Amino acid sequence: LGLAQLYQLRGRVGRSHHGAYAYLITPPRKLLSADAKKRLEAIESIQTLGTGFTLATHDLEIRGAGELLGDEQSGQMMEIGYTMYTELLERAVESLKSGIEPELNKPLSQGTEIDLHIPALIPDDYLNNIHERLILYKRIASAKTKDELKELQVEMIDRFGLLVQPIKNLFHITKLKLLYTQLGVKRIDLNSRGGRIIFNEKPDVDPMRIIQLMQTESRTYKLDGNDTLRITHDLENIDVRFKFLDDLYLYLAK
């Protein structure tokens, strides 16, 4: 049976106020094919209503979507996974729209990597369902704008209650990642005593802004090599670190 057929069979059990159980009996696990094991794992992971898209994604990853515009049903997507396939496709399309030859051998950019040495997660005691937490992590990481992040925060408050500090940290760091990715920043590493900001090869920042920054605040900012801005500043408080990065972005983005 295919994944969709298994899902439909299980969904036919129980109606309205009548509770019921679906038992899927399988041969010994060692006799199952790799694809069959993946189908069973996908069925086990889908426990809530409204998960049709998740199911379709699992199905694509298992059997492969093959050629984008062809009629064959086997091919590249099964080798690298649905998510990476779509990211590669999106990057190639955007490059062609801009009149640039796609650099398919270049590693995928995951945006600015930010480490502020603070807890930034969804705690178990806030949401104990690990499947729900994984879905929310992916939705937060996939947000493209600050408005999308704001909508997610409102949704989480509505469903699970007021956000605790580690979740607030997660959303703020994700917002900073969106902003600094636009500037071409590769990595931000800040602790209580300062840290460093590493730029990509071609950042979208006016070099004169950085030079002026080092001239006016020489005790705080120093250039370390061609791509690293070294920071020496008291950043003991979490809120201070966030404000520091918020203000720095506003300055560099002018």
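**Exercise 1.** Work out whether F160 is buried, partly exposed or exposed.

*Solution.* Start with the classes: buried means under 20% relative accessible area, exposed over 50%, and partly exposed in between (1.4 Å probe, protein chains only). F160 has 24% relative accessibility, so F160 counts as partly exposed. Y126, at 12%, counts as buried.

A word on the source: this is a predicted model, where local features need pLDDT of at least 70, side-chain atom pairs count only at pLDDT 80 or more, and totals for chains, interfaces and linings use all residues. Residues are numbered from 1 along each chain as its sequence is written, and side-chain values use heavy atoms, with hydrogens and water left out.

**Exercise 2.** Classify the ring pair of Y126 and F160, and find which parts it ties together.

*Solution.* First, the rule: rings of Phe, Tyr and Trp (its six-membered ring) pair if their centres lie within 6.5 Å; planes under 30 degrees apart count as stacked, over 60 as edge-to-face and the rest as tilted. The structure holds 3 aromatic pairs. For Y126 and F160, the centres are 6.2 Å apart and the planes stand at 65 degrees, so this pair is edge-to-face. Next, place the residues: Y126 sits in the loop between β1 (113–115) and α6 (130–142), and F160 in helix α7 (residues 146–160), so the pair ties together parts 34 residues apart in sequence. Helices (H or I, at least four residues) and strands (E, at least two) are DSSP runs, numbered from the N terminus.

**Exercise 3.** Find which residue lies over the face of Y251.

*Solution.* The test asks for NZ of Lys or CZ of Arg within 6 Å of the ring centre and within 35 degrees of the ring normal. R209 is the residue, at 4.0 Å from the ring centre of Y251.
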